[in-house]
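Colleague: Please bring up the model, and we will go through its salt bridges and a helix pair.

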Amino acid sequence: MSDVLSRESIVLGGQARDRDGAITEAGNLLVASGAVPEAYVEAMHERETSVSTFMGNGLAIPHGTNEAKSLIEHTAISFVRYDEPVDWKGSPAKYVVGIAGAGDDHLVVLQALAGAFTDDAKIAALDAAQSPDDILAVLGDVSA
């Protein structure tokens, strides 16, 4: 798991107040992890203009366009939890998970995230998490 989601890529008190800010916040964590260059964050915003990445259950999964896949150095995700959900075009996003999936890794990551965010006990654990280690304990099966 540490190769996909690191403690440093987890924020439990997101600062963004709107969708675009949340995309940037999640994207900057991917940049800081060395998974992608800053241009990938722009591609995350571009993807959002063509299709919403809000998935339901308070989860949004911003990721870059297909054209930006070549920018990905290695598969990684970032996790941001908001105390006050961000308005995602009319839907409340409490969790924003930035995804940079090299090759076909994004499919595996998406499947694992879907499993976590359809499990009420895991969502409750994400709500109660007090540290990055608590998040890693819940999302430990998200790997590529």
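Modeller: Asp127 and Lys94 form a salt bridge, with the closest N and O atoms 3.1 Å apart; the term requires a side-chain nitrogen of Lys or Arg within 4 Å of a carboxyl oxygen of Asp or Glu. This is a predicted model: local features need pLDDT of at least 70, side-chain atom pairs count only at pLDDT 80 or more, and totals for chains, interfaces and linings use all residues. Residues are numbered from 1 along each chain as its sequence is written, and side-chain values use heavy atoms, with hydrogens and water left out.

Colleague: How many residues apart in sequence are the parts that Asp127 and Lys94 tie together?

Modeller: Asp127 lies in helix H4 (residues 120-128). Lys94 belongs to strand E5 (residues 91-100), so the separation is 33 residues. Helices (H or I, at least four residues) and strands (E, at least two) are DSSP runs, numbered from the N terminus.

Colleague: Is Arg19 buried or exposed?

Modeller: Arg19 meets Asp20 in a salt bridge at 3.4 Å, N to O. Buried means under 20% relative accessible area, exposed over 50%, and partly exposed in between (1.4 Å probe, protein chains only). Asp20, at 38%, is partly exposed. Because its relative accessibility is 17%, Arg19 counts as buried.

Colleague: Which residue forms a salt bridge with Asp133?

Modeller: Asp133 sits in helix H5 (residues 132-138), and its partner is in the segment before strand E1 (10-11), 126 residues apart. The closest N and O atoms are 2.4 Å apart, and the partner is Arg7.
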